[in-house]
Amino acid sequence: MNMQLLFLLEQVVNGLVLGGYYLLIALGLSLIFSVGGVVNLAHGAFYALGAYVSIEVARYLGFGAGVVISPVAVALLGILFERFILRRFYTADPILSLLVTFGLALVTEQAIRIIWGSAPLPASMPRALKGSVVLGDFLFSRYRLLLLAVVALVLAGIWLLLNKTSFGRVVRAGIQRPDMVAALGIRLQPYMTVIVMLGVGMAALGGALFAPIALVHPAMGAEIIAVAFVVVVIGGLGSFWGVVLAALLVGVVRGVTIFFVPAAGEASMYVLMFVVLLLRPRGLLGERIEKFE
Amino acid sequence: MDSNQKDGKSTPHFGDRRRVLQAGVAGAVALGFPAIVRARSDAIKIGHLTPKTGFLGALGGWAELGIMLAAEEINAAGGVMGRQLDVRSEDSVNPATAATKAQRMLERDKVDVLMGEINSASAKTIMQVAARNRRLFMQIGARSDALRGANCNRYTFHVDIPVTVMVNAEGQGLLREGMIKGQRVYALTSDYLFGHDLAKAARKFVTKHGGTVIGDELIATSATDFSPYLLKIRQAKPDLVATNLGGNQVTNFVKQYAEFGLPYPVAGFNLNTADAWAAGAGNLGGIWPTVWHHHIDTPGTRAFVAAFRKKYGKTPENHAWIEYVSLHVMARAMNETKGTDNEKLIAFFEKEPKFDLLKTRMGYFRNWDHQMQQEAYTFTVKKPGTYKEAWDFLEFSAPIPGPDQPLELLAPTRAENPCTF
């Protein structure tokens, strides 16, 4: 096969892997917005917390324990976040929830500075996970393949939960017609607690998994939140597969852009968002949602 | 209480206690509001700008610790001619905000001098503010050659080593290892003023010494994932990967290079010890340049490292060091010129007085381009198991230039540097 084409394909495959990781953060953001109508600007803060807590746990119990315990701990924190903060804003003016979650993001970032210091924390992965493997004609980082497997598992779990359980039926109904759900005598709030818990837990898992391969510093949440938003907007609200498609697309477009015009790599996703919104204002697979119209 | 009476000591009476309480309150107020106590009308105000957020924010954090330690020492020793130093440190954010804040510091806060910066693009805009207002700006941590060259002005003095010195120091190390001559070099470059400058100097060095640059990728400063670039490196199969990256980029690159485990040797023309520490032991390899390190065996460095560890509980890195010595340099200049008259300070620096930078040899500002002449170092990474502390995995070289060579050996010459005032 033509070498250049092969190299390009390698970028596409690598982009899919990266997209899988974006998905971990974007899916929670999308769920919280779709069900609760709240734009959670603090989502990145939970991602950062996930990374920091995993390093702290890994110090005593090892890398694996850090990756498992940290998302669980942050998800529990998510329950408090929903119960005491977010819950007050479901029916309020959206600007209020924007402000309060933005404030929370700042407070969390500063709290991380106070607790762990402003200098970045070092984090390493076990030696056995380092290095790369060649599958077919493509090079993969061993660690990222593992990361992809974890993402696939989480994704399958969330899909089953949303589509094959009574819990999921209520949540999906709640996204479309919260008033009708209420009329049937179902309170959406407990469901929202679980959604927020899962959402921030996934963000924390993303942070914990990315800590060994990227810089862990107090402002890392702000770095990821922009990407997550772009993915949610491109994918369209209320659509599980829209977010999946968008995350993979953002990863691939970035890889392909870097192949041709390296300097434009970070700008590519915004251009993609621009184009998608021009052609499909509701996002790729966005559904028409009554309460947001 | 009983035991007190047995010892013959009296229990404090109520009145005493109240006095203790009052003293305590006064003390607490003094501790709680040091700025108010310090900010007497005769305090010397230093406007300090450095990035505290963004991709250089981690380095800015170290910078602030360094300058604050120096201020504390100088003030504890009686200040500058009996006047306390009031260092007002702010986040410079980005080049536009940096300029706005610098102007505001001069106009509203009436600061006596401006100091700081790490981001070359922000330093450039602050330099313009300094020149427009005819005020002194001690540009501490930004390394772009252009700041000292085409963009230089007589109101700005530069403390850190410039890009050319880093490339030359690093290059000497690479030449020794035979990693340049006849080798194919793949470069990754940070897409802003500093990176462009670094890439230019590095390309010049590599070509001059018989190497070929086979690729040079520009990378946005906001990039955190380097995997597409790593794939391109593998596709190009170079003999050497040379990085011209800055701030968080370096650490991200180093971590992900270790993650992918590519076999090509890495050398960088820029790395701060803090970036290396953040990468973590076991992730870093290769050979890198630096301007200072905590193992330099001089009384000054030993005392500074001890004081820093005592105050902050961690080992200082080079941006903490450079801010620390810069404020001491500024304090000495103010002492010797008996004031803060910016013209007198400039005239003083231009006489090329020698300053103790806590290194083996003293440094001085070269009077025709205002850049500090000083020693540099390179470092490599120790083998696992040969060091105890997690932050102690770096192996530093002897000073470059050597003791018998001129201090300006690595600096751009008059022919190379287009600076005129």
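Predicted model: local features only at pLDDT ≥ 70, side-chain atom pairs only at ≥ 80, totals over all residues.

Q: Why is B:Val93 called partly exposed?
A: B:Val93 has 42% relative accessibility. Buried would need under 20% and exposed over 50%, so a residue in between is partly exposed. You will find B:Val93 in the loop between strand E2 (85-91) and helix H5 (95-107) of chain B. Its phi is near 65°, a positive value in a residue other than glycine.

Q: What makes B:Lys338 count as exposed?
A: The relative accessibility of B:Lys338 is 67%, and the cut-off for exposed is over 50%, so B:Lys338 counts as exposed. B:Lys338 also sits in a loop, this one between helix H14 (318-337) and helix H15 (342-350) of chain B. Phi of B:Lys338 is near 55°, again a positive value in a residue other than glycine.

Q: Why is A:Val57 called buried?
A: A:Val57 has 14% relative accessibility, and buried means under 20%, so A:Val57 counts as buried. A:Val57 belongs to helix H2 (residues 43-61) of chain A.

Q: Which residues does A:Val57 touch, leaving out those up to four places away in sequence?
A: They are A:Gly62, A:Ala65, A:Gly66 and A:Ile69. Each of these has heavy atoms within 4.5 Å of A:Val57. As for A:Val67, it is 10 residues from A:Val57 in sequence and 8.5 Å away in space, C-alpha to C-alpha.

Q: What is the strand order of the open sheet of four strands in chain B?
A: The order is E7-E6-E8-E9, with parallel pairing. Strand E7 (212-219) and strand E9 (266-268) of chain B are at the edges because each has a single partner strand, which leaves one side of each without a neighbour in the sheet. From one strand to the next, the twist averages 20°.

Q: How do you know that E6(B) and E7(B) pair?
A: Pairing takes at least two bridges, and seven bridges join E6(B) to E7(B), which run parallel. One example is B:Tyr186, whose bridge partner in E7(B) is B:Gly215.

Q: What makes E8 and E9 of chain B a pair?
A: Three bridges join strand E8 (residues 240-244) to E9(B), and at least two are needed, so the two strands pair. They run parallel, and B:Val241 stands opposite B:Val266 in E9(B).

Q: Why is strand E6 of chain B described as largely enclosed?
A: Six of the seven residues of strand E6 (residues 184-190) are buried, so the rest of the structure largely encloses this strand.

Q: Is B:Val213 buried or partly exposed?
A: B:Val213 has a relative accessible area of 22%. Buried means under 20%, so B:Val213 counts as partly exposed. B:Val213 lies in strand E7 of chain B and touches B:Val185, B:Arg203 and B:Val206, not counting residues up to four places away in sequence. B:Val213 and B:Ala202 are 11 residues apart in sequence and 9.5 Å apart in space, C-alpha to C-alpha.

Q: How many residues of chain B are in contact with chain A?
A: There are 38 residues of chain B in contact with 38 residues of chain A. The two chains bury about 3200 Å² between them, 52% of it on carbon and sulfur atoms. On the side of chain B, B:Gln235, B:Lys255 and B:Glu259 lose the most area to chain A, together 20% of what that side buries.

Q: Why is the link of A:Arg144 with B:Glu259 called a salt bridge?
A: The closest N and O atoms are 2.8 Å apart. The rule asks for a side-chain nitrogen of Lys or Arg within 4 Å of a carboxyl oxygen of Asp or Glu, so the pair qualifies. Across the interface of chain B and chain A the rule finds four salt bridges. There are also 21 residue pairs in polar contact between the two chains, both residues at pLDDT 80 or more. H11(B) gives the most to the side of chain B that touches chain A, with eight residues.

Technical notes
Residues numbered from 1 in each chain as written. Chains lettered and ligands numbered in written order. Heavy atoms only, no water. Buried < 20%, exposed > 50% of the residue type's maximum accessible area, 1.4 Å probe, protein only. Axes fitted to C-alpha atoms, helices over the stretch in contact; angles between N-to-C directions. Buried area = accessible area lost by both parts, 1.4 Å probe. Polar contact = N/O pair within 3.5 Å; in protein donor to acceptor, adjacent residues only side chain to side chain.
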